[in-house]
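Keep the sequence and the 3D view open as you read.

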Amino acid sequence: MIDITILTKYSSRGASSRYRYFLYINDLLKEDTNIEIDSFLDTSYLHKLYAKQKKSKFKILISYMKRMLVLVNSSKNLIIEYEALPYLPYFIEKLFLKNKKYILNFDDNIWENYSNEKMLKNKFDALVKHANGVIVANSFLEKKVSILNGNIIKIPTVIKLGSYQKDDRVSRFDKFTLVWIGTPATYKYIKSHAHIFKRLSEILDYKLVIIAAISLREDAITDVDMEFYDWSSKIEIELLKKAHVGIMPLDRDLFSQGKSSFKIIQYMAAGLPTVASCIGENSNVLQNNKTGFLVNSDDDWINSIVKLQKEKILYESFSKQSIEHAREYSMEKYFTQFNSFIQKTFEEK
């Protein structure tokens, strides 16, 4: 029996925490493993974050105190989402990690978050160097981390295929629909490509569905037919299946290059062809001209979407191949690798 404490940044309401930690817990418990899980920030914090409301400094202080208490009393084996104590320098976190074995888990290039912070910019390098193991979600991070730590494994953010196969009776939206799923924080990628969606609306009668937060409608793109939904695990799959094409625009910056392409994986599992920026992990996950189109320019975006709307045979081929390719990014495929890495890293020596 192995005891493991999992330290996530958010509750299961946070996408990264939900899919890279909470998704695995039930299966891990079947592997003769005791699991304790602690979320640094609770669901109420996320609600305020997404609604752009003021966060309680007192509640954040309580979060730090609770996390420190958990670290003191935790098992000796830790799996950590990014860092145990956000925004505190490495030398403080090191005190709490003393005599612990820990595995770090990264799905984004969050090094960029601290790049301009003198006391923090080298924190993740130090954490990675002293980690017993590191899990990364994409090739950019694999290359970055492998220089610092030899015990590394690439495990993409995955889906449970069964969740997408439960009901095939969902009918599409009447109007041709593009869909984007994310958080209010990453809605910036939709806004930075707003000119494309405005141009597209001049030549194509379509709708753009945003699955993130209804409050984002205040920042809708003018002259584009848009619908906004609050994200919910109860409706996300149904909404994806009702759409026609998934989109994943990114900007050409270091953070985008290190982003995982989980949106594309969700779109594929829902049977959607995808149009995505040819940046970072998108180029590895999306099979160009098979499950969708990788695009570089404004014209590429528009021509690809129009092509999928007009060419039904091409659309159906992409849809079918997307469903098949989604198996390569499933919990069913990766759980054994995830569990084996953990067990091997934490085994007694």
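N289 is partly exposed, at a relative accessible area of 46%; partly exposed covers the range between buried (under 20% relative accessible area) and exposed (over 50%), using a 1.4 Å probe and protein chains only. You'll find N289 in the loop between helix 13 (282-285) and strand 12. Its phi is near 70 degrees, a positive value in a residue other than glycine. Most residues other than glycine have a negative phi.

A quick word on ground rules: this is a predicted model, where local features need pLDDT of at least 70, side-chain atom pairs count only at pLDDT 80 or more, and totals for chains, interfaces and linings use all residues. Residues are numbered from 1 along each chain as its sequence is written, and side-chain values use heavy atoms, with hydrogens and water left out.

D223 also has a phi near 70 degrees, again a positive value in a residue other than glycine. Look for D223 in the loop between strand 8 (207-212) and strand 9 (226-230). Is D223 buried or exposed? D223 counts as exposed because its relative accessibility is 65%.

S330 sits between helix 15 (312-326) and helix 16 (331-346), and it counts as buried because its relative accessibility is 2%. Which residues does S330 touch, leaving aside its neighbours within four places in sequence? They are V158, I159 and L161, where a contact means heavy atoms within 4.5 Å. The C-alpha atoms of S330 and T157 are separated by 8.5 Å, though the two residues are 173 apart along the chain.

T186 belongs to the loop between strand 7 (177-181) and helix 8 (188-192). With 13% relative accessibility, T186 counts as buried. Setting aside neighbours within four places in sequence, T186 is in contact with W180, K259 and K263.

| Residue | Relative accessibility | Class |
|---|---|---|
| S330 | 2% | buried |
| T186 | 13% | buried |
| N289 | 46% | partly exposed |
| D223 | 65% | exposed |

Next, the strands. In strand 11 (residues 274-277), T274 and A276 point one way while V275 and S277 point the other, and all are buried. What does strand 11 pair with? Strand 10 (residues 245-248) runs parallel to strand 11, with three bridges joining them, and G246 has T274 as its bridge partner. Strand 12 (residues 292-295) is also parallel to strand 11, this time with four bridges; there, A276 is partnered with L294. Two strands pair if DSSP finds at least two bridges between them.

Finally, zoom out to the whole protein chain. How many helices and strands are there? The count is 16 helices and 12 strands, taken as DSSP runs numbered from the N terminus (helices are H or I, at least four residues; strands are E, at least two). The radius of gyration is 21 Å, close to the 20 Å that the globule rule gives for 349 residues, so the chain is as compact as a globular protein of that length. That radius is taken over C-alpha atoms, and the rule is 2.2 Å times the number of residues to the power 0.38. Along the principal axes, the C-alpha atoms fill a box of roughly 60 × 40 × 35 Å.

Buried residues make up 55% of the 349. Among contacts between residues at least 6 apart in sequence, 71% join residues at least 24 apart.
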